[in-house]
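Subject: A structure for you to explore

Hello,

Here is the structure I promised to pass on to you. Have a look around first, and then read my notes below with the viewer open.

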Amino acid sequence: MREFWIIFKQSFLTKAKTKSFFITTLIMVAGIFLFANLPSIIDKVGKMMGSEEDDRVLVVDESGVLFDRLLEQLQQNEQGISLELTEKTQDQLSEKVKSEEIEAFMELSFDAEQTIHASYTTGSLVEQSLPSALQDALQNIQTEVKADQLALSGEQVSELFAPIQFEKHNISETAKSEEELNQARVLVYVLMFVIYFAVIIYSSMIATEVATEKSSRVMEILISSVSPVKHMFAKVLGIGSLGIVQILVYAVSGFLAYTLSSAGEKNELSAFFSLENLEVSTLVYAVIFFLLGYFLYATLAALLGSLVSRTEDVQQMIMPMSLLIVAAFIIAATGLGNPELGYLKIASFIPFFAPLVMFLRVGMLDLPLWEPLLSIGIMVVTIFILGWFGAKVYRGGVLMYGPSRSLKDLKKAIQLGKE
Amino acid sequence: MALELERVTKRFGDFTAVDQLSLKVEEGTMYGFLGANGAGKTTTFRMILGLLTPTEGNISWNGRTISYETSPLIGYLPEERGLYPKMKVLDQLIFLGQLRGMKKSAAKSAALHWLDRFEVPQNTNKKVEELSKGNQQKIQVIAALLHDPQLLILDEPFSGLDPVNVEMLKKAIVDFRNSGATILFSSHRMDHVEELCEQLSIIHHGKQLVSGKLRDVKRSFGKQNVRIRADFPLLELESIEGVTTAHHSLEGAVFQVEDERVAHTLLQATLQKGPIRQFEIEEPSLQDIFIAKVGEGHA
C-alpha cells in the first residue's frame, strides 16, 4: 500500500505543481468571474463607447396623429429611441440611411379600415430590437384606436386580452411538473457539461501520463518496484483527485462570482450557482455519476495509454474512446427536451453511456430508485471488469515498445503480460 | 548464496529470446554480460527483476525468488534512460528512492550525497529535460544506487558518458562492489568488462557462448595475438599454418595464432627475412574473443 500512496501523491502533486495546470485553472476561474459579470461589463463598455445615445428614427406621418401618440407610447416605456418628424421624401430619407446618417425611417398611415400601416426602412437587417419595439408600440396604439372606434372601456379591453389559464398535468409516473422540469433542465444541463468535459479531459490526461512514462522509459523503473496494477490504479486515483480538486475550485469560484456579481441580475445560471431551489439529490447523483464515469473512462484510458510507446500516438489511440463519450453526450443532449424517449432508457443501462444518460434521466424524471441503482451497479461491474482486463493489458503493454498504435496490440500485450 | 540463474529459457511465441542460460554471480563480485544488440540481455535482466517470468528454469537470489518484496534490495539502471523529463532532479530522486522503500528524509540526504559525489550538485533543482545526456545518465545511475541495493543491475551504464565521467562512474561502481554489493552489468564495451569484472558471459541470439572467470575464458580461448614490428612487409607470413587472421599496419602486423607453437614458427620465419624491432605474444583481448565467438555464431 505504501508504494500505492507514493505514486498517488507523485501523480497528483507533480501535475498540480505544473505551471500549465496552474494557468489553466486561473484562466478558467477568471472566465467564470467574467461570465458572471458579463451583463454589467457589456453595459459599462457600451457606455464607454458612447452607444447609450438613442437610436434616431425619422418618421413620415401621413395620418397626422400617429406620431404624437407613438412618441407618448415610447416615452411611457422609456425605450432609448428618439423619434423625429420629417417632411422629406422617401428618396431623400433612403439616401440618409445609406450614408448612415440615421438608423432608419418609418412611414406611418391609416388605411381605409383605420388600421395602422407602417413601413420601416433601415440599412441593417441585423438590428431586431428597434423595429420590434416600434411594432409593439404601434400595436398598442392600434388597440386603443380600435377600442375607441368600438366604444369599449379600458376594462373591457383588458378583459378581452386577459390571458387564459393553461395548466399542464402529466400523469406519467416518472414525470415532474413543468416548473420542476425547467429548473432541473438548467441544473442537469450544466452538470452534464461538467461531467462530459471532466471525463474527456482527465481521462486523456491519464492516457498521456501513462504514455509519457512509457516513452521516457521511467516505467521500467516504476514497475520494477511496484506492480503494474497498483501503479495503474494509483495513477487513475491520483489524476481523479486532481480533477475533483480542480472542479471544486471552479464550483467555489462560480458560487462566489455569482453571489458577488455586481449586476445582481437573476437568471437561471445565477440561480443555479446561488444554490436556490437546488435539488440536493440531483447534486448527489451528479457526484456519483461523475466519479463512475471518470473511473470507467480513466481505466480504459490507462489501458489504451499503456499500448502506445510514443506520446504522439496517444490521441489516435484514445480516439474511439473519445467518440464514445461524445456519443454519450449527444444522446443525453437530445433527451434534454424530452427525457422520456424510449432509447434514453436503453442507453441509460449501457455502461459507457450511463454516466451521462442516466444522470439526465434521474435528474429530470422521478425515476423509481431501482433504475439509477441498477445503472450504477452495471457501471461498477464494468469498472471492475475493465480494471481487471486493463491490469492484464497494462502488465504487458508497459513493456511493449515499437510502432504500436492499433487495438490489435491488445492481444500482444495480454500475451506479454502473462509471461 | 548470490544470484543464480539455472537453465533459464524465455520464449515469446515461436521466438526464443533466451535459451538455457545459466549463471551464478557470487556476492560482492561484478559480473559482465556481453552481447550484441538483440542478444537477449535486456530480456534476461527483466526476468531477474521479475518483470517477465521465465518460460523454463529458475532464478533465485540468496535462495529466494525475486518479487516486489525484494525490490528495495535491488537497483536497476535500464538501458534506455528512464526519468520523468519534467520533474526536478531532487524530487525525482526522492520519489524513486521512496518507491524502493526509503524514508523521505533518507532519500533526500542520499540523493544530495550522490549528486555531490558525481559533481553535479548544481543540477539539484533543474528539470531532467534541461540536462545534457551525460548528466541525465548520472542522475539515472544515482536513481539506481540511491537506496544502497545489495544487487545492482546495470544495463549499459557507460553509454553517453565522456571518458572523465566513465572513470568517475567506474570508481563509484567499484566502491559499491567493495562495500559488499553484487553487480551485474551489460556492455558492448569489452574494455570496461575486462577491467571491472571477475566473471563474464557472452551471449548471442539468446545462447550463452562463453561464460566463466575472465582468466579462464581467455585461457580456454587458446588463440593468442602475435605482434611483430619490422621494416619489411609481412604479408607472406599470413600463409603460415595456424595463423587465423592478420591485421597489417605501417609498422608491422598483428597475427592471431592458434597457439604458442605457431607463434614460434612465425618468429623464425620472420627472422629469416630480416631483423625485427619488436616481437610480442599477447593474451587475446575480450574483443577478439567476442568477435571470434559471435562471428562463429553468425556462421
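B:His205 sits in the loop between strand S8 (199–204) and strand S9 (207–213) of chain B. Its phi is near 45°, which is a positive value in a residue other than glycine. Is B:His205 buried, or is it partly exposed? With 17 other C-beta atoms within 10 Å, B:His205 is partly exposed; to be called buried, a residue needs 20 or more. Please keep in mind as you read on that this is a predicted model.

There is another residue of this kind in chain B. B:Glu119 is not a glycine, although its phi is positive, about 60°. You will find B:Glu119 in the loop between helix H3 (104–117) and helix H4 (133–145) of chain B. B:Glu119 has 13 C-beta neighbours inside 10 Å, so it counts as partly exposed.

While you are in chain B, look at helix H7 (residues 214–221) too. How many of its eight residues are buried? The number is zero, so H7 of chain B lies largely in the open.

Now zoom out to chain B as a whole. Its secondary structure comes to nine helices and 13 strands. The C-alpha trace of chain B spans about 75 × 45 × 35 Å along its principal axes. Of the 299 residues in chain B, 37% are buried. If you take the contacts in chain B with a separation of 6 or more, 68% of them involve residues 24 or more positions apart.

The UniProt record, an unreviewed entry, places the annotation "domain: ABC transporter" on residues 3–230 of chain B. Over residues 3–230 of chain B, the chain is 34% helix and 30% strand, and the end C-alpha atoms are 50 Å apart.

Where do the two chains meet? In the contact between them, 21 residues of chain B touch 18 residues of chain A. On the chain B side, the largest share comes from helix H2 (residues 89–99) of chain B, which supplies four residues. The chain B side that touches chain A divides into 14 nonpolar, four polar and three charged residues.

On to chain A. Here the secondary structure comes to 17 helices and four strands. Chain A has 419 residues, and 33% of them are buried. Among contacts in chain A with a separation of 6 or more, residues 24 or more positions apart account for 77%.

For chain A, UniProt (again an unreviewed entry) lists several stretches as "transmembrane region", including residues 21–42 and 232–260. Residues 21–42 of chain A are 95% helix and 0% strand, with end C-alpha atoms 30 Å apart. Residues 232–260 of chain A are 100% helix and 0% strand, and there the end C-alpha atoms are 42 Å apart.

My last stop is a pair of helix contacts in chain A. Two packed helices are described by the angle between their axes and the distance between the axes. Both contacts involve helix H15 (residues 354–364) of chain A.

- Helix H13 (residues 314–334) of chain A packs against H15(A) at an angle of about 15°, with the axes 8 Å apart. That angle makes H13(A) roughly parallel to H15(A), and their crossing is right-handed. From H13(A), the residues A:Ala328, A:Phe329, A:Ile331 and A:Ala332 take part, and they meet A:Pro355, A:Leu356, A:Val357 and A:Leu360 in H15(A). The residues of this contact divide into eight nonpolar, no polar and no charged.

- Helix H12 (residues 280–305) of chain A crosses H15(A) at roughly 170°, and their axes come within 9 Å. That makes H12(A) roughly antiparallel to H15(A). On the H12(A) side the contact includes A:Tyr285, A:Phe289 and A:Leu292, and on the H15(A) side A:Pro355, A:Met358 and A:Phe359 are among the residues involved. This contact divides into nine nonpolar, three polar and no charged residues.

Enjoy exploring, and write back with any questions!

Best wishes

Technical notes
Residues are numbered from 1 along each chain as its sequence is written. Chains are lettered from A and ligands numbered from 1 in the order in which they are written. This is a predicted model: local features need pLDDT of at least 70, side-chain atom pairs count only at pLDDT 80 or more; totals for chains, interfaces and linings use all residues. Axes are lines fitted to C-alpha atoms, for helices over the stretch in contact, and angles run from 0 to 180 degrees between N-to-C directions. Helices (H or I, at least four residues) and strands (E, at least two) are DSSP runs, numbered from the N terminus. Angles under 35 degrees count as roughly parallel, over 145 as roughly antiparallel, 65 to 115 as roughly perpendicular and the rest as oblique. A crossing is left-handed if the near helix is turned anticlockwise from the far one by less than a right angle, and right-handed if clockwise. Two residues are in contact if their C-beta atoms, placed from the backbone, lie within 7 Å. Ala, Val, Leu, Ile, Met, Phe, Trp, Tyr, Cys and Pro count as nonpolar, Asp, Glu, Lys and Arg as charged, and the others, Gly among them, as polar. UniProt positions are given in the numbering used here, feature names are shortened, and annotations may be inferred rather than shown by experiment. A residue is buried if 20 or more other C-beta atoms lie within 10 Å of its own, exposed if 12 or fewer, and partly exposed in between; C-beta atoms are placed from the backbone.
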